[in-house]
Amino acid sequence: MPFIGTFSPPGDKSLSHRLILMSLVAKGETLIKGLSHGEDVLTSLAAFRALGGEAREEAEGLRVKGLAGTWPRFESLEIDCRNSGTTMRLIAGILAGVPGRYILDGDDQLRRRPMERVAKPLRLMGAKVSSNEGRPPLIIDGGSLTGVDYTPADASAQVKGATLLAGLLASGPTSVTEILPTRGHTETLINHFHGRAVIEGLTITVCPGLLTLPPVFDVPGDPSSAAFFLTAAAMIPGSKVTATNILLSPGRTGFLKVLNRMGAEVTLTLTSDNPEPVGDVLVEHTGPLKATEVTPEEIPSLIDEIPMLALAATQANGQSVFRAVDELRVKETDRLMSLRHQLGALGARVNAEGNDLIIDGPTSFILPETLDSGRDHRLAMTLSIALAAANAKVPIIGAESMAISYPSFEESLKELWRN
Ligand code: S3P
């Protein structure tokens with residue numbers, strides 16, 4: 001059955017985290033409209049409050065008061081980052097420069113994720129950071145920092161973001177040179193909040209200084225959440241879905257290019273551009289999808305959409321290859337393995353060769369008794385769309401994890417799926 005209609009997904013998760021956490025190093029007050037209410041963003045909000053930040057719900061949005069320069073001094077404060085890697089990594093960058101001892105911990109999934117990638121640049125800046133063999137808990141003794149020039153080994157917006165945010169509290173400029181461009185929200189927001197981040201090719205240089213919050217910030221819809229229904233529309237005959245008011249920064253929209261290359265019709269209508277492009281996206285099924293090769297250079301711009309693109313590839317004619325997707329191994333689950341097992345359980349031909357994901361399509365799905373998301377929100381929603389494509393109902397273990405990024409996923413599904 002097709003997906004038809006118009007919807008607005010929740011506020012962008014990456015921007016929502018940054019708006020809350022960057023208020024720790026900003027002065028003034030802001031009204032954030034359309035903030036994501038996903039559990040991950042609520043985790044950042046709880047951390048902000050635990051650090052003494054003031055935020056209150058109003059009819060139009062969340063009013064947040066910047067805490068810059070008025071941080072309470074904590075002898076030792078434990079911050080529970082629950083399931084949120086973005087909270088832990090970005091806040092580590094900020095707290096490295098704030099006097100006090102901070103213990104950043106999380107749930108069993110987060111405790112398995114690599115944190116040395118943020119600890120390393122922070123130590124080079126003079127921070128005292130220890131971890132449990134590279135994993136949480138992270139113990140940070142915040143203090144004075146010195147700017148550095150750093151080239152992270154991984155293409156990671158979180159590592160870049162943590163280093164640049166530490167740079168705001170350092171003496172002297174801090175530069176991060178990326179091996180591939182990743183989402184640029186941290187540097188864009190630094191400039192939007194009257195700080196100074198100079199972007200020259202793959203190098204971003206931030207000058208020290210506190211930020212100033214704008215009076216209002218409208219958070220556009222999350223393209224990574226929109227991707228579930230837009231990709232479903234590309235895959236399923238008779239479908240036509242419009243997502244309105246979506247963040248359309250180039251670092252986030254790689255999946256739309258891939259869907260277009262696979263044969264779907266994709267129409268973008270830009271509606272605003274400050275500080276990042278926003279608009280409506282229409283995706284229409286116009287015929288069977290074609291297999292495609294996704295290059296290593298494209299991966300950072302679609303990293304969170306790979307589960308859905310992999311599902312689309314199971315329905316495309318030919319062999320699709322996603323090159324150099326090793327980053328998937330360190331997400332909420334080892335997504336390379338869990339995609340292989342769960343799409344495999346539906347009868348799809350999915351293989352991993354080295355760091356490449358290889359999918360032979362098309363597949364008509366067989367139905368197992370259950371599917372298991374491993375509490376990986378993006379996998380749970382991908383499996384739910386796979387079942388809709390098969391017009392079938394099978395219990396998905398760990399489906400409650402959808403609330404991490406898209407608490408209203410089931411409502412959107414009901415709205416758009418003409419079953
Ligand atoms: C994010 C960056 C990406 C992405 C994650 C959110 C961000 O992670 O997968 O969901 O908001 O900066 P990495 O920085 O680890 O690649």
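Pro362 sits in the loop between β24 and β25 (371–372). A cis peptide bond joins Gly361 to Pro362, with omega at about -5°. This structure is a predicted model.

- Most peptide bonds are trans, and most residues other than glycine have a negative phi.
- Pro136 and Pro137 are also joined by a cis peptide bond, and omega there is about 0°.
- Pro137 belongs to strand β9.
- Glu133 is not a glycine, yet its phi is positive, at about 50°.
- The loop between β8 and β9 holds Glu133.
- Glu133 has a relative accessible area of 76%. That is over the 50% cut-off, so Glu133 counts as exposed.
- Ala324 is another residue other than glycine with a positive phi, near 55°.
- Ala324 lies in the loop between β22 and α10.
- The relative accessibility of Ala324 is 33%, so this residue counts as partly exposed.

**The ligand site**

- Residues from several parts of the sequence surround the ligand, including Ser14, Thr86, Gln158, Ile303 and Lys331.
- Arg18 places a polar side-chain atom 2.6 Å from an oxygen atom of the ligand.
- Ser156 also has a polar side-chain atom by a ligand oxygen atom, at 2.8 Å.
- Ala157 uses its backbone: a polar backbone atom lies 3.0 Å from an oxygen atom of the ligand.
- On its own the ligand has 380 Å² of accessible area, and the protein covers 93% of it.

**A four-stranded sheet**

- Strands of a sheet pair through backbone hydrogen bonds, and the pairing may be parallel or antiparallel.
- Here four strands make an open sheet with mixed pairing, in the order β21-β22-β24-β23.
- β21 (293–294) and β23 (349–353) are the edge strands, so each pairs on one side only.
- β21 and β22 (residues 318–322) run parallel and are joined by two bridges.
- Within this pair, Glu293 stands opposite Val321 of β22.
- Helix α10 (residues 335–345) packs on the sheet and touches β23 and β24 (356–361).
- The direction of α10 makes about 155° with that of β23.

- How many of the residues of α3 are buried? The count is 11 of the 11, so α3 is largely enclosed by the rest of the structure.
- Among the buried residues of α3 are Gly85, Thr86, Met88, Arg89 and Leu95. Thr86 and Arg89 are also among the residues that surround the ligand.
- Helix α4 (residues 116–124) has these buried residues: Arg117, Val118, Ala119, Pro121 and Leu122.
- What do the buried residues of α4 pack against? Their partners are α3 (85–95), β8 (128–132), β9 (135–142), β11 (149–150) and α5 (157–168).
- Gly126 follows α4 and has a positive phi, near 105°.

**Ser225 in helix α7**

- Ser225 is part of helix α7 (residues 223–235).
- Is Ser225 buried or exposed? Its relative accessibility is 0%, so Ser225 counts as buried.
- Which residues does Ser225 contact, leaving aside its neighbours within four places in sequence? They are Pro9, Pro10, Ser405 and Tyr406.

Key. Residues are numbered from 1 along each chain as its sequence is written. This is a predicted model: local features need pLDDT of at least 70, side-chain atom pairs count only at pLDDT 80 or more; totals for chains, interfaces and linings use all residues. Side-chain values use heavy atoms; hydrogens and water are left out. Buried means under 20% relative accessible area, exposed over 50%, partly exposed in between (1.4 Å probe, protein chains only). Contact means heavy atoms within 4.5 Å. Axes are lines fitted to C-alpha atoms, for helices over the stretch in contact, and angles run from 0 to 180 degrees between N-to-C directions. A residue is near a molecule or strand if one of its heavy atoms lies within 4 Å of it. A polar contact is a pair of N or O atoms within 3.5 Å; within protein, one must be able to donate a hydrogen and the other to accept it, and residues adjacent in sequence count only if both atoms are side-chain atoms. Accessible areas come from the Shrake-Rupley method with a 1.4 Å probe; for residues, only the protein chains shown count as cover.
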